[in-house]
Amino acid sequence: MGKGLLLCICYAANIGGTATLTGTGPNLVITQAVDTLFPDGPGIDFVTWFSFGFPAMLLALLLAWIWLQCMFLDCRCLLGCIKQRGCKGRCKRDRDNAAYKVIRRQYDELGPLSFPEKVVLLHFVLLVLLWFFRDMKFVKLENKRAAGWTYFFVKGYMTDAATGIMVAIFLFFWPSKPPNFMCCRRSRDTRPAKPAPPILDWATVHQKMPWSVVILLGGGFALADGVKASGLSDWMGQGFQTFSGFPVVALVLIICIIVAFITEFTSNTSTAAIFLPILGKLVRGEKSTLQ
């Protein structure tokens, strides 16, 4: 069961990243590829991706749960866990179990939400709402512009990245403690009125920020440009041309197998950055005709 618990975290992290546009690096790569290869197309926004990715994520999550149940518990546990029987006691909640006591004690030690946690939660919800209603490309206005709050800005000025940076900048100014001056000061509060430190500071960002992820994303884009400039993409495109007579279902299966095999040795972001322009050209028919 311990192996299953560890694997479920890895599976859930990968599956959950497909639900939203910002969930993982390859999702950001495909948006750039679509905007570059199909400049006259509607593009991909947060809502469009979520409407497609969220149902697929739920289905993949269900299949992963069934797979882990059958591998590490028992296939009979699928129904036995619901009916509290048939699992040989492995799925039964035991309040006297040591693991249950440790988890329960740590949960109780968390206590209620603190003021900084409420502030971060508020900004996170604000960020998600701004992403959802930033550029609703499925709603067209009379002047051929998409609906959304970016309508009041120059077209293309406010992107998903700019929205994330804007909310992050708010955290550099938002105080980490409730104000204790003027009308916000409580009658029993005897502390001297002074400014509270912000929720976020640059020292914390410099220490906690996963700069390797930023470098990995940039390296993936650079590698994709190198593949294109060296002519490797044209050579690979000619190789994929041999599959043009295959049925679409078989072609999709072949591409999935090839990409899945390559990602065993390379990062997902760099692989997506390399293959998306190649397959995009095949779809457009610039280098070959895909039928």
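1. Let's start where helix α6 meets helix α7. From α6, the residues His123, Leu127, Leu130 and Trp131 touch Asp160, Thr163, Gly164, Met166, Val167, Phe170 and Leu171 of α7; contact here means heavy atoms within 4.5 Å. By type, this contact divides into seven nonpolar, three polar and one charged residue. In this count Ala, Val, Leu, Ile, Met, Phe, Trp, Tyr, Cys and Pro are nonpolar, Asp, Glu, Lys and Arg are charged, and the others, Gly among them, are polar.

2. A word on what you are looking at. This is a predicted model, in which local features need pLDDT of at least 70 and side-chain atom pairs count only at pLDDT 80 or more, while totals for chains, interfaces and linings use all residues. Residues are numbered from 1 along each chain as its sequence is written, and side-chain values use heavy atoms, with hydrogens and water left out.

3. Back to that pair of helices. The axes of α6 (residues 115-132) and α7 (residues 160-173) come within 10 Å and cross at roughly 160°. Axes are lines fitted to C-alpha atoms, for helices over the stretch in contact, and angles run from 0 to 180 degrees between N-to-C directions. The two helices, α6 and α7, are therefore roughly antiparallel, a label for angles over 145 degrees. The crossing of α6 past α7 is right-handed, that is, the near helix is turned clockwise from the far one by less than a right angle.

4. You can compare this with α1 (residues 2-16) and α3, whose axes are 10 Å apart and which pack at an angle of about 165°. Therefore α1 and α3 are also roughly antiparallel, and α1 passes α3 in a right-handed crossing. Lys3, Gly4, Leu7, Cys8, Tyr11, Ile15 and Gly16 of α1 meet Met57, Ala60, Leu61, Ala64, Trp67, Leu68 and Phe72 of α3. This contact divides into eleven nonpolar, two polar and one charged residue.

5. Next, have a look at the largest nonpolar core. Its eleven residues are Leu21, Val34, Ile44, Phe46, Trp49, Leu127, Leu130, Trp131, Trp149, Met158 and Val167. Such a core is a set of buried Ala, Val, Leu, Ile, Met, Phe, Trp, Tyr and Cys residues joined through side-chain atoms within 4.5 Å.

6. Leaving aside neighbours within four places in sequence, Met158 is in contact with Arg134, Trp149, Thr150, Phe153, Thr163 and Met166.

7. Stepping back to the whole chain, there are twelve helices and two strands. These are DSSP runs, with helices being H or I of at least four residues and strands E of at least two, numbered from the N terminus. In order from the N terminus, the elements run α-α-α-α-α-α-β-β-α-α-α-α-α-α. Of the 291 residues in the chain, 26% are buried, where buried means under 20% relative accessible area, exposed over 50% and partly exposed in between (1.4 Å probe, protein chains only).

8. Finally, two single residues. Thr271 sits in helix α12 (residues 268-284) and counts as buried at 3% relative accessibility. Not counting residues up to four places away in sequence, Thr271 touches Val259, Ile262, Thr263 and Thr266. Val214, in helix α9 (residues 211-230), is partly exposed, with a relative accessible area of 42%. The C-alpha atoms of Val214 and Gly25 are separated by 9.5 Å, though the two are 189 residues apart along the chain.

Technical notes
Parallel < 35°, antiparallel > 145°, perpendicular 65-115°, else oblique.
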